[in-house]
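Here is my notebook, open at today's page.

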Amino acid sequence: MESIKILALWRILSSFLLAFLTHSSLQLAWFSKTVVLASAASTGTVGDQAAADKNEANALLKWKHSFDNNSQDLLSTWTGSTSCQWQGIQCDKSMLVSSINLANYGLTGHLPPQICSAGSLISLSAHHNHFTGPVPISLKNCPTITRLRLEGNQLEGDIAQDFGVYPNLVYIDLSDNKFYGQISPNWGKCPNLGTLRISNNNISGGIPVELVEATNLGKLHLSSNHLNGKIPKEFGNMKSLIELKISNNHLSGDIPKEIGSLKNLEQLDLAENQLSGTIPIEVVELPKLRNLTLSNNKINGNIPSEFSQFQPLEYLDLSGNLLSGTIPRQLGEMKLLQSLNLSHNNLSGNIPSSFDGISGLISVNISYNQLEGPLPNNKAFLNASIESLKNNRGLCGNLTGLILCPSNNSQKRHKGIQPALFIALGALFLVLGGVSVSLYILCRKTRKKDIHAKENVHSGKAVSGEVFSIWSHDGKIMFENIIEATDNFNEKYLIGLGGQGSVYKAEMPAGQVFAVKKLHLENEEKPNFKAFENEIQALTEIRHRNIVKLCGFCSHSQFSFLVYEFLEGGSLDQILIHEKKAAAFEWEMRVNAVKGVAYALSYMHHDCSPPIIHRDISSKNILLDSQKEAHISDFGTAKILKPGSRTWTTFAGTFGYAAPELALTMEVSEKCDVFSFGVLCLEIIMGKHPGDLISSLLSSSSAAITHSLLLIDVIDQRPPHPPKWVVGEVILVASLAFSCLSENPCSRPTMDQVAKKLMMGKSPLADKFPKIRLAQLL
């Protein structure tokens, strides 16, 4: 019995042991299999990462090899198969490219098509290069991107189609490119977006209200485009906004008072639009506002008096509007104000004495108003140039160009004689009234004759007759004086020779000095009346400080001539060929000359209706005044464009300055002047005509050598090298010049774009001046 129990117990233990061993072997097999699979998976992941890294490296190397030799040299560290060690490249923990920084390299070419194909790119900085063409499609579909900087290139495309919705985007700058189309409402769907800058492109349409949905947006820059419509009042809901800059557009309507709800706003720039209405009180009361620019609009009414002395306002520009009334006392109590521009308005009265206490005021401009009385006892006013004070009703002070203020004693003496003076003046006014009526009748008759004479000139009837129109003078007397002053156009008074006529200096008996342009004869009998008519027609209607002023004209049976203001500085070509004059023609003067010509051409092309094309922009037709300010002259070949029509012509202009398309099509457009302007810019900074340089740039055999030239070696060596404060503008002029010389007219900028860039300031490459090569400017 006992043996049976032992046998049964043994069977039970054997079964348990067998089951245990069987289960353990299964566990061991599963564990071994897991280790093998994990090891294989790990090996596969490392292999995939290495392959992805190699693919990215190959794509970047392919991109590098698409550049010219100079650009490839700038990326000399880009070798091998591991891109994470290359200059400008950063990788994440997975060894995938997460950041590309090639800013200010001067690279030329296209952006790589697969730049965000790996899905790991967080930051791309390719600003201030010479990239052209479209934005890669992979960049549109790049949800990982947080920072994108492409400003300062020549990228183009429809901005509404080329960019998508970016959930992680914080900063984007697309300024200074050639993007067109309309602003997409999708930018409002980027919840983390803090900065959106797309200034200085060709964007049109209105500002979408949907931008308000980007609740973290702090900086919005849309300046220098073609935006129209009104400023959305919904902007008042963008509580994070710090900077709002939408100047140089075509916006109209009132300034929304809702902007006054932006309590964090520090900079507001709405200049150069078509805004009207009054300045909202809510805007001037903004507590953190440091910069308020509303210049060159159609804003009317008074300057609000709600400015506070506790505001941090440093810069205030209300110039070029229709403001009236007096300057409020509160402006003179703003302790932090540094720059004040109220010029070109209709302000009246005295300048408040409260300005006496502002010690931080540095710059002031109150010209072209109706202000009177003494200047404040403030350095900014007392040290201001007459240009900043001129054309007012009766400002006085101890400053050249202003009358001295009367002393207190003389004022008391004047009060004593006022009653007697009023009686005498009353009688005098009665006499003058009768004389004035007689003169008015006489002047009406004279004016009708003068208008009839001008009409004859424009219609061509004056060729056989005699027409005299020296404005503000008796025509025939002035004609005789001019003949006498030039000794019947003796060569000793000759000061210039142009394609359409010879220019003489004429000093009048009364002391006036004129430049008289006597037209060349078309044949032995008659003058070139077509050039004569062109010049009168072009200059009669336009007024610009950088265009030579036409004072009158004469059409005579023997000869015809035009009478201009005399500019003491002479022509630009004569300055550049004269060693001493060229050495004294400093860089700041040269840059200002370029700006003057650019502003005048922009005015002719974009502000005159219909536009005027000069067709002969060259150094011989740029005259300088005593302050070395440039003036465009010689409009004998000018063309007035008719809207909606194409203008064809025979060749006119100066060889070496004329646009290349004129040799093929003879079709005239504004872009012909743009090309000539580019040649002129290079001539100004090189000190000689740039024909050889332009030819070598267009030649495939010598282009590479020319690209490698240093800018510092190309510029005129006669004046000292540009000082630090102007070197950035010299670089900008050179860069703009090359862009104007594009063989394709459509690729050249407009003069409006050129003028705006010159206004905006300097090149970002200023710090690299001694090492800048021409390739970086092309």
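**Entry 1: a pair of strands.** Which residue in strand 9 stands opposite Gly157? I looked it up and found Phe179. I note here that this is a predicted model. Next I checked how the two strands are joined: strand 7 (residues 154-158) and strand 9 (residues 178-182) run parallel, with three bridges between them.

**Entry 2: helix 14.** I turned to residues 691-698, which make up helix 14. Its buried residues are Leu693, Ile694, Ser696 and Leu697. Looking down the helix axis, I see these fall within an arc of 165 degrees, so they line one face of helix 14. Asp692 and Leu698 are exposed on the other side. What lies over the buried residues? I found that their cover includes helix 13 (670-686), helix 15 (703-707), helix 16 (711-714) and helix 17 (724-740).

**Entry 3: Thr486.** My last stop was the loop between helix 8 (475-485) and strand 28 (494-497), where Thr486 sits. Is Thr486 buried or exposed? Thr486 counts as buried, because its relative accessibility is 0%, and the cut-off for buried is under 20%. Its side chain reaches the backbone oxygen of Ile483 at 3.5 Å. Setting aside neighbours within four places in sequence, I listed Tyr493, Tyr504, Lys505 and Ala506 as the contacts of Thr486.

Conventions. Residues numbered from 1 in each chain as written. Predicted model: local features only at pLDDT ≥ 70, side-chain atom pairs only at ≥ 80, totals over all residues. Heavy atoms only, no water. Helix = DSSP H or I, 4+ residues; strand = E, 2+ residues; numbered from the N terminus. Buried < 20%, exposed > 50% of the residue type's maximum accessible area, 1.4 Å probe, protein only. Polar contact = N/O pair within 3.5 Å; in protein donor to acceptor, adjacent residues only side chain to side chain. Contact = heavy atoms within 4.5 Å. Arc of directions from axis to C-beta. Pairing = 2+ DSSP bridges.
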